[in-house]
Structure formats: C-alpha cells, structure tokens
Number of protein chains: 2
Amino acid sequence: PALWYERAPAEIYAQSFATVAKEARLERFDAGMTALATRVIHACGMIEVADRLAFSPNAYAAGQAALRAGAPILCDCEMVGAGIIRRYLPAGNEVIVTLNNAEVPDRAQAIQNTRSAAAVELWLEHLDGAVVAIGNAPTALFHLLELIDQGAPKPAVILGFPVGFVGAAESKAELAARPRGCEFIALRGRRGGSAIASAAVNALAAGLPEVAT
Amino acid sequence: PALWYERAPAEIYAQSFATVAKEARLERFDAGMTALATRVIHACGMIEVADRLAFSPNAYAAGQAALRAGAPILCDCEMVGAGIIRRYLPAGNEVIVTLNNAEVPDRAQAIQNTRSAAAVELWLEHLDGAVVAIGNAPTALFHLLELIDQGAPKPAVILGFPVGFVGAAESKAELAARPRGCEFIALRGRRGGSAIASAAVNALAAGLPEVAT
C-alpha cells in the first residue's frame, strides 16, 4: 500500500500503552490506578493529565469490587454510556442514562437547574453502591453532591470528569475537597469529557486486558 | 442551597462561549470556522486547540451545504454518533456507524487492518458528498484516504479528529498535507476524540444556536 501505518490492533495497543508508560508520571499510582490513568491518557492523547488526577486511596478497589458485585453504572450522558466496553463488564452490569427520560425537562424547570442535574434525581433508586460516571455536565456532579448532602444513598465511587469553562473545575474541586465520605476519582481543571469518563469505567471493569501483563 | 453554582442553561452557554471568545485566538477564522472552533474548544475545555486546527478554506461552507442538502453523516464509532445533536440537523440527516456491523470482524481479518478500518469500507455506497466524522481511530482516517486513492467517491468534508499515540498525528498530517481534493478540518497532533468530532458536526449543522448572535 502507498501509505504506511500500523494496522495490527494488538500492536497499536501495545505501542500506545508503552508510550504512556514511558512519558507519563505514574509513580504515585498503585496497579489499579496505573491502569486507570493509562486508559484515561489513552482516551485523550494527553500524557500530562496523569498529574491532574485527584483520587481517594481506595477508589479503584471500591469501583472494581462494585462492578464485580453487579453494581449499575450511572452516566450523565449517552456518550459516556456509548464508550463503555460492554464485554469488559464483569457482571453484565446495567448502564443507566436518564438524561433523555421524558420527565427530565419538566423536572429541570421545577428545580430550576439543568436537564443534566434533573436527570441525576432519577438515579436515586439505583445510587446505593453504584458506579457514577460524569463526563459532561458540572451541574450533574454538583447536584449529586447536593443530593448526598440531603441524605441520598452513597455510590461506591464517583468518577468526576465534567468538562468546560463554567463549573467543571469548581465541581471537581468540591468533590476532591469534600467527598462526603465517597470514594472518588476526578480530573482537576477544565479538561474532562465523556471519552475519559468511559475510559475510567473500562479501567475499573477490566484494567488493561489489551496487553499481556 | 449550600452549594453555589450556575444552574441556568442559557447562562452556562453564554459564559462558556464568552470565555472562549475572550481567551482563544480566533482571528484567522471566518464566521463558520469561528463557530466550529468555539464548539470544539467547548467540548474539550482547551482554549489552545484553536491554534492547532488545520482546514481547507471552503470546508465549513461545504459541510454546511452538504448537511442542508440532506447528506448522511458517517462516524467511525458509536460515541461520535451519540454526540450529534439530532435536533440541530437541518434535514433529518442519517447518522451512520458501521463499526459494529456483523461483517466487520471478518473483513478486518481479510484486509489485515483494524475493525475501524474495515468499517470504513462499508461506507462506500454513502460516501459521495457525505460528511465524514472520525473521532477515534487513526486507521479509519488512513484507510479512508487509501480508498479515495483507489477511486472511492469523495465526501463533502472530512472531519479528522482521531486521538492517541499511534497514527493519530500522522493520519491528520497526511490529510492536511495531501487532502486528495477533499475539504477537511482536522486537529493536528495527538489530541482529538469523539466529543470534538461530534462538536464539529454540530457546528456545521447549526453554528452556535445556544446564544443570540
């Protein structure tokens, strides 16, 4: 062929993860968090996000155990759900996205908040011990923390990766500073996004199964 | 409430886009590309990606016209499709993702390439005048260029946003250096991703309808 490029999936994964291992600062992570940081970096192409991960010491283990026990995964938008690799889930875990439920627009009006925040109120019955993955809306993370303050059940782990210029950095700083007794993993600052949130879920589910370790 | 944060969607969008306008270098863009760059930045939380956008001068207009004429949108993965805001599409345009078609694994074996590349071969009947949005796999972009070299129909515009450490920068550099007569918009380097690719489609479809302009 006229164009040369790497075409073998196993080789592409191996080279990708080797580049992360070579370039990223991973020394502060245990094995689980190393896998998670590697997948997060791989999802966004940015080595330096490793330096901006905030997390509670037991977060990876808690998320991994929750998935193995069959916990559902609550996502703030369809894109996060679409990025979760179903064959990696250890217990056929349910992936729940309530953002487009019919009652969400009216509820958003009623609580004077965004649709993303209103959608979080529909998580309540699933929240106890769940894996929460927020990859888009700062208001979803803020409102989850408010609901926990008001007595909502606690998830097993909160994966906080909202993105953008209004509330993203602030919501993740709030989570990291006052996690309300929850395990959490978050990317500080403006950066985040659905691909990163999905990558974090995939890491809790399976580590790095693409490479022999 | 104990937590203060911005809850009004219109205000969140307005503040977000105002931050982009204040911080990003947008002078080199016309109105269409300004809208596209703004949505791309908004999707990833990184002002500086504006400086890394490569594009052909008529790319935005060509993509906008194609969507208005009813062109389909060909995406390399489900996440890109999930991020396209359907109500913004001007002609109920079809969003096509072939990655999970049943014949893809066998075809990948046959062509000794990735599933993402094999899925591009299933685009052929839709390719003429389409909007192509690649937000994940460098091999999808490389293989699309190979197919065009072999006489495949040309899309109206190629949105090149594959991400990662193996082939992402190279495939986008190839697109920008030798676009094969195609209109294109791409983010140089390792960064990219499905949220950015979706944002580019949404910009072609509707500009920035969230703010009065």
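## Two helices side by side: H7 and H8 of chain B

H7(B) and H8(B) are roughly parallel to each other, because angles under 35 degrees count that way. Here the packing angle is about 30°, and the axes of H7(B) (residues 138–149) and H8(B) lie 8 Å apart. The crossing of H7(B) past H8(B) is left-handed. Keep in mind that this is a predicted model.

Who does the touching? From H7(B), it's B:Pro138, B:Leu141, B:Phe142 and B:Leu145, and they meet B:Ala168, B:Glu170, B:Ser171, B:Lys172, B:Glu174 and B:Leu175 of H8(B). Sorted by class, that contact has six nonpolar residues, three charged ones and one polar one.

## The sheet in chain B

Now for the sheet of chain B. Its six strands make an open sheet, in the order S1-S6-S5-S4-S2-S3, and the pairing is mixed. At the edges stand S1 (53–55) and S3 (95–97) of chain B; each has a single partner strand, so one side of each has no neighbour in the sheet. From one strand to the next, the twist averages 15°.

H8(B), which spans residues 168–177, packs on this sheet and touches S1, S5 (157–160) and S6 (184–187) of chain B. The direction of H8(B) makes about 145° with that of S6(B). One pairing to look up is B:Cys75, whose bridge partner in S3(B) is B:Val97.

## H9 of chain B and its helix partners

Helix H9 (residues 194–206) of chain B packs against H2(B) and H3(B) at quite separate angles, so let's take them in turn. H2(B), residues 31–44, packs with H9(B) at about 150°, with the axes 8 Å apart. Angles over 145 degrees count as roughly antiparallel, and H2(B) and H9(B) are therefore antiparallel in that rough sense. The crossing of H2(B) past H9(B) is right-handed.

On the H2(B) side, the contact is made by B:Ala35, B:Leu36, B:Arg39, B:Val40, B:Ala43 and B:Cys44. H9(B) brings B:Ala195, B:Ile196, B:Ala199, B:Ala200, B:Asn202, B:Ala203 and B:Leu204. The class count for this contact is 11 nonpolar, one polar and one charged.

How do H3(B) and H9(B) cross? The axes of H3(B) (residues 59–68) and H9(B) come within 8 Å and cross at roughly 70°, which makes the two helices roughly perpendicular. B:Tyr60, B:Gly63, B:Gln64 and B:Leu67 of H3(B) meet B:Val201, B:Ala203, B:Leu204 and B:Ala205 of H9(B). This contact has six nonpolar and two polar residues, with no charged ones.

## The sheet in chain A

Over to chain A, where six strands form an open sheet with mixed pairing, in the order S1-S6-S5-S4-S2-S3. S1 (53–55) and S3 (95–97) of chain A are the edge strands, each pairing on one side only. The strand-to-strand twist averages 15°.

S2(A) (residues 73–75) runs parallel to S3(A), and three bridges join them. For a spot to check, A:Leu74 stands opposite A:Ile96 in S3(A). H9(A), residues 194–206, lies across S2, S4 (131–134), S5 (157–160) and S6 (184–187) of chain A. The helix runs at about 145° to S5(A).

## How the two chains are related

Two copies of a chain are related by a rotation about an axis and a shift along it.

Notes:
Residues are numbered from 1 along each chain as its sequence is written. Chains are lettered from A and ligands numbered from 1 in the order in which they are written. This is a predicted model: local features need pLDDT of at least 70, side-chain atom pairs count only at pLDDT 80 or more; totals for chains, interfaces and linings use all residues. Side-chain values use heavy atoms; hydrogens and water are left out. Two strands pair if DSSP finds at least two bridges between them. Helices (H or I, at least four residues) and strands (E, at least two) are DSSP runs, numbered from the N terminus. Axes are lines fitted to C-alpha atoms, for helices over the stretch in contact, and angles run from 0 to 180 degrees between N-to-C directions. Contact means heavy atoms within 4.5 Å. Angles under 35 degrees count as roughly parallel, over 145 as roughly antiparallel, 65 to 115 as roughly perpendicular and the rest as oblique. A crossing is left-handed if the near helix is turned anticlockwise from the far one by less than a right angle, and right-handed if clockwise. Ala, Val, Leu, Ile, Met, Phe, Trp, Tyr, Cys and Pro count as nonpolar, Asp, Glu, Lys and Arg as charged, and the others, Gly among them, as polar.
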